[in-house]
Amino acid sequence: MKLDLLVLAAHPDDAEMSCGGLMAMEVANGKKVGIVDFTQGELGTRGTPEIRLQEAADAARMLGLSARENLGFRDGFFVNDEAHQLKVVEVIRRYQPEILIANAIDDRHPDHGKAAAVAETAHFLSGLRRIETFEPDGTPQAPWRAKQVFHYIQDRYIKPDVVVDISDYWQQKVESIKAYRSQFFNPDSDEPSSYISSKEFMDFLVARWRELGHQIGVEFGEGYTNYRQIGVKNLSSLI
């Protein structure tokens, strides 16, 4: 299945927290959007891998995603090596996205920066015809590179290269985050508290979206960085 937008995420819920608004907007505009999670988040303080997989599926339905899969990398311990790069090459070639979005290039959780590096390397390798990869049924995959690779902003503030107006979709973004009932604020939960499970953390997320929106004169925004120069066909497409 060819996608217009593919989001790569180290953990289930990374994508929803960071670019849920953009995904909801693209789906509403008729685009095909998917997520590939690297790990099952099995080292998380709360929940289980099974619960998180179900929550990820619930969030995908809320956002109207066309595809979601999990690569089963080891949470906390995956590395930017050939084996992991080739797995990501396979999914890039499988979905042939026009736009690829990946984790923050640097963040509080070391998996996020690692995932960003794996994504960047895999994206380049994916365009090399002499690297052979195959679908699960043995069908050879064709080389592919997206037109652009962006990185979302997560816990640490990074100055964005571009901010997307998500004002019309921020509530849908919030609902997709709340699909992760085991992870975020839930006054009825009897599990140990974690960095992201407090009400204050959700307040922080909303404040971050408001701050980014404020920078471009709208209510809510999501910020993205890019290693390459961003080009536009005309200035009228800018806010």
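Strand 1 is mostly covered, with 5 of its 5 residues buried. Buried here means under 20% relative accessible area, exposed means over 50%, and partly exposed lies in between (1.4 Å probe, protein chains only). Helices (H or I, at least four residues) and strands (E, at least two) are DSSP runs, numbered from the N terminus. Buried means under 20% relative accessible area, exposed over 50%, and partly exposed in between (1.4 Å probe, protein chains only). Helices (H or I, at least four residues) and strands (E, at least two) are DSSP runs, numbered from the N terminus. Both faces of strand 1 are covered: Leu5, Val7 and Ala9 lie on one side, Leu6 and Leu8 on the other, and all are buried.

The model is predicted: local features need pLDDT of at least 70, side-chain atom pairs count only at pLDDT 80 or more, and totals for chains, interfaces and linings use all residues. Residues are numbered from 1 along each chain as its sequence is written, and side-chain values use heavy atoms, with hydrogens and water left out.

Now the strand partners. Two strands pair if DSSP finds at least two bridges between them. Strand 1 pairs with strand 2 in the parallel sense over 5 bridges. Val7 stands opposite Ile35 in that pairing. Strand 1 (residues 5–9) also pairs with strand 4 (residues 99–102), again parallel, over 3 bridges. There, Leu6 faces Leu100. Strand 4 in turn pairs with strand 5 (residues 148–152), parallel, over 4 bridges. Ala102 stands opposite His151. The chain goes from strand 4 through helix 4 (residues 110–126) to strand 5, in a right-handed β-α-β crossover. Right-handed means that, with the strands pointing away from the viewer, the path from the first strand over the helix to the second runs clockwise. Strand 1, helix 1 and strand 2 also make a right-handed β-α-β unit.

Next, the interior. Nonpolar side chains tend to be buried together in soluble globular proteins. A nonpolar core is a set of buried Ala, Val, Leu, Ile, Met, Phe, Trp, Tyr and Cys residues joined through side-chain atoms within 4.5 Å. The largest one has 36 residues, and Val7, Cys19, Leu22, Met23, Ile101, Phe184 and Tyr224 touch the most other members. Strand 1, helix 1, strand 2, helix 2, strand 5, helix 5 and helix 6 (199–215) each supply at least two residues of this core. Helix 1 gives the most, with 7 residues. Cys19 touches Val7, Tyr152, Lys173, Glu222 and Tyr224, not counting residues up to four places away in sequence. Contact means heavy atoms within 4.5 Å.

Helix 3 is largely enclosed by the rest of the structure, because 10 of its 14 residues are buried. Among the buried residues are Val88, Val89 and Ile92. Their cover includes strand 1, strand 2, strand 3, strand 4 and helix 4. Gln96 follows helix 3, and its phi is positive, near 45°.

Helix 2 also has buried residues: Arg52, Glu55, Ala56, Asp58, Ala59, Ala60 and Leu63. What covers them includes helix 1 (14–28), strand 2 (33–39), strand 3 (67–73) and helix 5 (170–178). Gly64 follows helix 2, with a positive phi near 75°.

Finally, one histidine. His112 is found in helix 4. His112 is buried, with a relative accessible area of 8%. Its neighbours by contact include His11, Asp14, Asn103 and Asp107. A polar contact of 3.4 Å joins the side chains of His112 and Gln154. A polar contact is a pair of N or O atoms within 3.5 Å; within protein, one must be able to donate a hydrogen and the other to accept it, and residues adjacent in sequence count only if both atoms are side-chain atoms.
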